[in-house]
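Open the model in your viewer and keep the selection tool at hand. Each stop below says what to select and what is there.

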Amino acid sequence: MYLGVDGGGTKTAFCLLDDDGAVAAESRQNSIYYFTEGIGLVESVLRDGVRAVCDVVGLAPEALTHSFVGIPCYGEVSGDLPELDAIPGRVLGTDRYACGNDMVCGWAGSLGGADGINVVSGTGSIAYGERGGTSWRAGGWGELFGDEGSGYWVAIQGLNAFTRMSDGRLPAGRLVGAVRAALGLAADLDVIDVVLNQWHGDRAKIATLSRAVGEAADAGDTVAADILRAAGRELALLVDVEADALGFDDGEAIPVSYSGGMFGSPHVREAFAAGVRASAHAYDLRAPLLPPHVGAAVYAARLAGHRFDPDQLERLQSETNTQEGIPS
């Protein structure tokens, strides 16, 4: 039995796969993004999720064949790595596991663990690729000065446009009503109270406002639509960086996929696809094969020396849902 854990900015998803590649149990827990609540959050959430899936199959955690735990922010604070690497051992009661950034889960799910490039856009954004055992990461520098094209980035652009529409610097569009409704504003200036005073700039809460931008764009707001298309173009830039760093040749077909809630927006997805297809590289753009938490379990099996065959992956694809929604 193989355990995959995909920790994201808004949730942590768990998946158990059996030796034939069938889903045996799944669970969804709170986010393990620990920068705001402290590193102790990781063990608490991991313990709840492992208990939930193991109870379904009647298996003790130490009996799992292998596990992969994807943690947001993993690798971004070098001093935290020894503790992050030790936490699953205390929870699982075994050393048959590996930890990594959650970008690995997205890549393993979207491409079924095959060489290629995956771009993630949820609360944050990042790209990860592998080729012949070599890996590379691009983007994912955090919401204050990076994470272009992410839900947080879109929400901030949307809030900025809302303020401009409210005071007259931009013509008012559907975005105004969408933001007012999302935040329950009695007056437009109350946006400051909600986002800065009540939410204290909470990253995950702000990212949910990308839904208001998406709703306004779907209703015909051109400013909101431009924000989402700009997000798609930013995400496409990461693909070329990955291809060059991994040493793909110009004429080589390069598998490319995507994961994360922002790709649920057709405006983002179409702009991303247009940017990828305009590149000099020969990309093979594919819809994501599996959700990231299932990909994490596939990767756990691979680390244990067990690879699922194409028929098993195809059956797994039909059993699992890869539909992505804007961060909730």
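Start inside: the largest cavity has a volume of about 40 Å³. A cavity here is a set of points, on a 1 Å grid over the protein atoms alone, where a 1.4 Å probe fits but cannot get out. Grid points are joined across faces, edges and corners, and a volume is the space filled by probe spheres set on the points. A search of the whole structure finds one cavity of 30 Å³ or more.

Before going on, note that this is a predicted model: local features need pLDDT of at least 70, side-chain atom pairs count only at pLDDT 80 or more, and totals for chains, interfaces and linings use all residues. Residues are numbered from 1 along each chain as its sequence is written, and side-chain values use heavy atoms, with hydrogens and water left out.

**Stop 1**

Select A155, G158, L159, L175, V179, L209, A212 and V213, which line the largest cavity. Lining residues have an atom within 4 Å of a point. Two or more of them come from each of α4, α5 (174-183) and α8 (210-218). Helix α4 gives the largest share, three residues. Helices (H or I, at least four residues) and strands (E, at least two) are DSSP runs, numbered from the N terminus. What is the make-up of this lining, by nonpolar, polar and charged? Seven residues are nonpolar, one is polar and none is charged. Ala, Val, Leu, Ile, Met, Phe, Trp, Tyr, Cys and Pro count as nonpolar, Asp, Glu, Lys and Arg as charged, and the others, Gly among them, as polar.

**Stop 1: an open pocket**

Now select G9, T10, N30, S31, Y33, T36, E37, L41, D202, R203 and A204, the lining of the second largest pocket. A pocket is an open set of points with protein on both sides within 12 Å along at least five of seven lines. About 240 Å³ of space lies in this one. Its lining holds three nonpolar, five polar and three charged residues.

**Stop 2: helix α3**

Select residues 103-111. Nine of the nine residues of this helix, α3, are buried, so it is largely enclosed by the rest of the structure. Buried means under 20% relative accessible area, exposed over 50%, and partly exposed in between (1.4 Å probe, protein chains only). Among the buried residues are M103, W107 and L111. Next comes G112, with a positive phi near 65 degrees.

**Stop 3: the loop between β8 and α4**

Go to the loop between β8 (134-139) and α4 (151-167), where F145 lies. Is F145 buried or exposed? It counts as exposed, at 65% relative accessibility. W141, L144 and F145 form a nonpolar surface patch with about 480 Å² of accessible area together. Patch residues have over 30% relative accessible area and no salt bridge, and nonpolar side chains (Val, Leu, Ile, Met, Phe, Trp, Tyr) are joined within 5 Å. A salt bridge is a side-chain nitrogen of Lys or Arg within 4 Å of a carboxyl oxygen of Asp or Glu. Areas come from the Shrake-Rupley method with a 1.4 Å probe; for residues, only the protein chains shown count as cover.

D147 lies in this loop too. D147 is buried, at 5% relative accessible area. Its phi is positive, about 55 degrees, although D147 is not a glycine.

**Stop 4: C73**

Select C73, in the loop between β4 (66-71) and α2 (81-92). C73 counts as buried, at 5% relative accessibility. Its phi is near 80 degrees, a positive value in a residue other than glycine.

**Stop 5**

Finish in strand β7 (residues 125-131), at R131. R131 is partly exposed, with a relative accessible area of 27%.

Terms used. Patches are made of residues with over 30% relative accessible area and no salt bridge: like charges are joined within 9 Å, nonpolar side chains (Val, Leu, Ile, Met, Phe, Trp, Tyr) within 5 Å.
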